[in-house]
Amino acid sequence: MGNFLDKEPPPPMVLVPPLFDFPPLAARTRMLESSYNLLFGKLALNCLFQDYFEEAKRFKTMIMLKPVDDPHVDLVATVSGPLDHKPEDDIVGNAYFRWQSDVDDPHTFVDLFVSNSDPVLQMRSCAYYPKYGVGAFGIFPLLQKNRISSQDYGVLGLRYGSENLSFGTTIMPSSMKDEFPKSAWLVSKVGRLTAGVQYEPDYGNKDGAKYRNLKNWSCAIGYGVGSSSPLSPSFNFCLELARSSQFIASFFQHVVVQRRVKNPFEENEVVGITNYIDFGFELLTRVDNAETSNKMPDSSFQVAASWQANKNFLFKAKVGSLISSASLAFKSWWKPSFTFSISATRDHIVGGTNYGFGIRAENLREASYQRADPNYVMLTPNKEHLAEGIVWKIGKRPMLQSNIDSGNFEGLPRELRPLQKIL
């Protein structure tokens with residue numbers, strides 16, 4: 001009788017927290033940028049080196065809101081200024097009002113940008129057709145106090161993108177004949193190798209617009225493994241020669257690990273939690289004979305790491321030849337969610353340590369803990385994977401490592417899926 005009433009204990013599971021910022025906000029406007037400037041791990045490195053490292057002696061407040069009745073529109077407003085405010089110091093404020101045609105596709109959109117500095121009012125628009133891989137975009141300053149260059153009157157661009165090829169160009173409609181194009185790029189991917197070249201002349205230079213001027217050209221080659229999903233480990237290594245004057249070597253690695261946990265706020269079957277760890281390195285060395293300031297070295301480097309322990313805490317640190325910083329961020333996943341961050345920055349040239357603060361309120365990205373079987377990311381790497389043979393008796397079927405490895409992300413929430421496969 002006792003055996004009849006006894007219930008089989010629920011299978012063990014592992015918590016899979018959402019990332020603090022995925023997809024990154026910069027990915028929402030990537031169709032306005034050259035693919036050359038975003039590939040080779042550049043977008044991930046930029047997020048690692050910049051996000052939550054607040055400027056020394058300054059505060060930053062960001063509000064990201066989306067109405068419940070219309071998920072196609074949202075507003076992102078930012079206010080920043082010095083902690084010790086003085087009458088001569090400026091408070092910088094700006095806001096984006098955005099509309100996109102498809103909630104799940106950020107590549108076709110229109111947004112309006114307002115600011116208390118130039119440009120005062122700016123419109124950006126992009127239309128991308130994934131069936132053909134063709135897109136067009138434009139950036140138009142509508143109100144601006146000072147229009148000095150042709151770029152201040154607007155930029156238009158055309159692009160093509162597929163899984164293995166991306167090329168495009170930008171022009172300035174009001175430019176002179178010798179200011180065409182503003183930029184052009186070509187990036188191709190073969191297997192795990194990605195190579196690209198970009199032409200971006202300096203029109204401020206008398207001889208800047210000539211195609212034969214090697215300082216107008218940049219080239220890069222990279223090696224990458226893994227997908228852009230936060231659930232998949234990834235590795236990117238890149239070598240770049242920027243404007244034939246600066247050599248850049250960089251790498252970025254995203255690691256998904258597991259640790260055992262006993263959380264009193266979770267069910268007894270939860271035996272572990274997934275953590276996300278990022279590493280990044282960047283070395284810049286000048287290879288020309290241009291004169292630089294005595295305080296600016298010919299080469300510089302920076303190394304950074306971040307550790308997201310759970311869905312609430314993120315630790316980051318970076319060490320460089322010029323500055324070193326450490327940051328702690330806490331995020332509460334309410335609706336809207338709130339994030340508070342504090343960072344300490346040490347300037348190796350001037351000396352002294354200063355602090356910065358940041359506050360964010362957001363309801364653009366909804367997220368919650370997911371569940372995975374204990375073989376996910378392998379608590380015991382030498383154990384044979386048996387997840388597919390388990391019949392789950394209760395609840396929703398959790399994530400399986402085999403599905404992630406095979407690229408099957410259909411059953412996952414949007415914030416854990418990789419970015420669209422557009423190079």
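Visitor: What makes β1 and β15 a strand pair?

Guide: Two strands pair if there are at least two bridges between them. Strand β1 (residues 13-16) and strand β15 (residues 270-286) have three bridges. They therefore count as paired, by the two-bridge cut-off. Their sense is parallel. In this predicted model, V14 stands opposite G272 in β15.

Visitor: What else pairs with β15, and in which sense?

Guide: Strand β14 (residues 246-260) runs antiparallel to β15, and 15 bridges join them. F252 has G280 of β15 as its bridge partner. On to strand β16 (residues 299-308): ten bridges join it to β15, again antiparallel. There, L284 is partnered with S300 in β16.

Visitor: Why is L328 called partly exposed?

Guide: Its relative accessibility is 35%. Buried means under 20%, and exposed means over 50%. The value of 35% lies in between, so L328 counts as partly exposed. L328 is found in strand β18.

Visitor: Which strands supply at least two residues each to the nonpolar patch?

Guide: Four are β17 (313-320), β18 (323-332), β19 (337-347) and β20 (353-362).

Visitor: Now the inside. Which residues touch the most other members of the largest nonpolar core?

Guide: Y36, F40, C126 and V187 do, in a core of 13 residues. Two elements give two or more residues to this core: β6 (121-129) and β10 (183-190). Another core lies apart from it, with seven residues, including V16, F22, L231 and A372.

Visitor: What does C126 touch, leaving out residues up to four places away in sequence?

Guide: C126 touches M31, L32, H107, T108, F109, A136 and F137. For a contact, heavy atoms must lie within 4.5 Å.

Visitor: And the whole chain? How much of it is buried?

Guide: Buried residues make up 40% of the 423 residues. The chain has three helices and 21 strands. It exposes about 23,400 Å², and carbon and sulfur atoms supply 59% of that area.

Key. Residues are numbered from 1 along each chain as its sequence is written. This is a predicted model: local features need pLDDT of at least 70, side-chain atom pairs count only at pLDDT 80 or more; totals for chains, interfaces and linings use all residues. Side-chain values use heavy atoms; hydrogens and water are left out. Buried means under 20% relative accessible area, exposed over 50%, partly exposed in between (1.4 Å probe, protein chains only). Accessible areas come from the Shrake-Rupley method with a 1.4 Å probe; for residues, only the protein chains shown count as cover. A nonpolar core is a set of buried Ala, Val, Leu, Ile, Met, Phe, Trp, Tyr and Cys residues joined through side-chain atoms within 4.5 Å.
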